[in-house]
Amino acid sequence: MNKVLLFNPRSGEFKHRIPNALMNIAASIEGKFDWVIVDGNRETDPYKKITDYLKTGEYKYLGFTVMPGPQVKQSVPFSKQIKEQFPGTVMIWGGYFPTSHYKVILESGYVDFIVNGPGDNAFPRLLDALENEKPYELIKNLIFKFDGKIVKTIKEDLLEQDTLPSLPYNKLNDLYPIREYLGKTYLGKKTVAYHSSIGCPFTCSFCAVVPTYEARWKAKSAQHVYDDIKYIKDKWGADAIEFHDNNFFVSEKRTIEFAKLILPEKMKWWGMARIDTMAKFKDSTLELLRDAGCTMIFFGAESGSNEILKQMDKGGTQTGEQIIAFAKRLRQYNITPEYSFVLGTPAPTPEEVMKQIDFEINFIKKIKSVNPKTEIVLYTYSPVPTEGSELFERVLAQGFSFPKTLEDWTNPKWENFDLRKNPLTPWLTPEMINKIKNFETVLNGYYPTAADIRMSTLKRNAIRFFAAIRYKTNFYWKPYELKALQIWWKYRQPEIEGF
């Protein structure tokens, strides 16, 4: 039986995390197909590592997990070269990027199948069909070309997460020592990355999660999550947790159950949430979270304008007033809110776009006034191809278009697009982009992120001193002295590299 090679393309320059997406796929085929993982973050020459496996003639199936941004940079040339050098292989991509951009990927000719969403059933069933020459057209969660046309099979209901097989940590440890995945972060010396749920029950029109999960959410039980974390702590010494769920705090009941279980372990942890969801949590729950080690929570604030929140189809009940009130509320529990904002959403005129940017800048400063410890993450609006979205239709009408070939996505400007730092959108002028970036530089100078553990107190005080006049007088123009210090001290932005 042919073997399977799973590839995790390089995603960061500093800290590497357990490749949980591939570990789920590996678990789905454990005992059915022999497999290996090649981690591009852990290899100096990942392509050589891949081809060394392929030269044995034992590996026919390749599964690539592809997130937008840096992972595209390796996935595209590697896939193309593999198909040229090993034409008998079957190339299968999964992840947010192929789900959103399946047409240009399949038109490239060197990706054979796309797993459209969770692959826990789709991946092993596809391999079984290919290996035994059985039809695969009715397998759910697949996208492929047939007779020159692109075929999308129907989506599968999300599976109960507790029923899925355990992740093969011990086998990964044989390939890459788990201890080297437990990096030093703002949270702890040995931080483990973990997924406790998949999806999100909301339909924000700017979010890549929506096309993948279609407003659905499924979670592991609190006990299951605790058992996994406890195992990794006891065996490899993990002392902190990053929950990479799209929305960890959907259920207050599950959150309470987990907090009570993890409390005796004295581990600090971080996760993602919605403000309007957690604003409903009881005071006793927030107290418990603080005592149980919850140190920071990431929230998609997106905008202080209720009109723009509606335009984004943010859903729920979130308002600008609520964003400020909740930041103030979390201050008393010593839990740091990490708020992301999206600046530069499309508007009928350039004047209105600039007015929106100015509004958001002033709104962010209001948040800082009620809770100075609030972490602010700034993005410029980058279109997401959410089919049927009114916002995306407006984006197209204003002249925006995605790359026409897969190779074009490897251009550095499109990598920056996926990091939401260079949106390439026709309604944003250089003046607007500069205003956003300059404010971000001054903001990060006056309030350096606590998540950058390399910044000493001396450096923080120094850069804050230089930024103070600019921040207090709203003078953001050409902050070259702050940019120089940030480059010199290698200031790390959480939205790009994490903690």
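This is a predicted model: local features need pLDDT of at least 70, side-chain atom pairs count only at pLDDT 80 or more; totals for chains, interfaces and linings use all residues.
**Entry 1**

I began with the strand order. I found an open sheet of seven strands, running β2-β1-β3-β4-β5-β6-β7, and its pairing is mixed. Next I checked the edges. β2 (35–39) and β7 (149–152) sit there with a single partner strand each, so one side of each has no neighbour in the sheet. I also noted the twist, which averages 20° from one strand to the next.

**Entry 1: the β2 side**

Here I looked at β1, residues 3–8, which pairs with β2 in the parallel sense over five bridges. Within this pair I located Asn8, which stands opposite Asp39 of β2. Then I turned to helix α1, residues 20–29, and saw that this helix packs on the sheet and touches β1, β2 and β3. The direction of α1 makes about 170° with that of β1.

My next stop was β4, residues 90–94. How many of its residues are buried? I counted five of five, so to speak a mostly covered strand. Which way do they point? Val90, Ile92 and Gly94 point one way, Met91 and Trp93 point the other way, and all are buried.

I then followed the partners of β4. With β3 (residues 59–65), β4 pairs in the parallel sense over five bridges. With β5 (residues 113–115), the pairing is again parallel, over three bridges. Trp93 is a handy landmark for me here: Phe64 stands opposite Trp93, and Trp93 stands opposite Ile114 in β5.

I also traced the chain from β3 to β4. Together with helix α3 (residues 70–85), these two strands make a right-handed β-α-β unit. Helix α3 lies across β1, β3 and β4, and α3 runs at about 165° to β4.

**Entry 2: helix α19**

Last, I moved along to α19, residues 457–473. This helix has 17 residues and reaches 24 Å from its first C-alpha to its last, close to the 24 Å expected at 1.5 Å a residue. Where is the kink in α19 centred? I found it at Ala467, with an angle of about 45°.

Ala467 is also one of the buried residues of α19, along with Arg460, Ile463, Ala468, Arg470 and Tyr471. I looked up what covers these buried residues, and the list includes α15 (350–370), α18 (430–446) and α20 (480–488).

Key. Residues are numbered from 1 along each chain as its sequence is written. Side-chain values use heavy atoms; hydrogens and water are left out. Buried means under 20% relative accessible area, exposed over 50%, partly exposed in between (1.4 Å probe, protein chains only). Helices (H or I, at least four residues) and strands (E, at least two) are DSSP runs, numbered from the N terminus. Two strands pair if DSSP finds at least two bridges between them. A crossover is right-handed if, with the strands pointing away from the viewer, the path from the first strand over the helix to the second runs clockwise. The expected span of a helix is 1.5 Å times one less than its number of residues. The bend at a residue is the angle between axes fitted to the seven residues ending there and the seven starting there. Contact means heavy atoms within 4.5 Å. Axes are lines fitted to C-alpha atoms, for helices over the stretch in contact, and angles run from 0 to 180 degrees between N-to-C directions.
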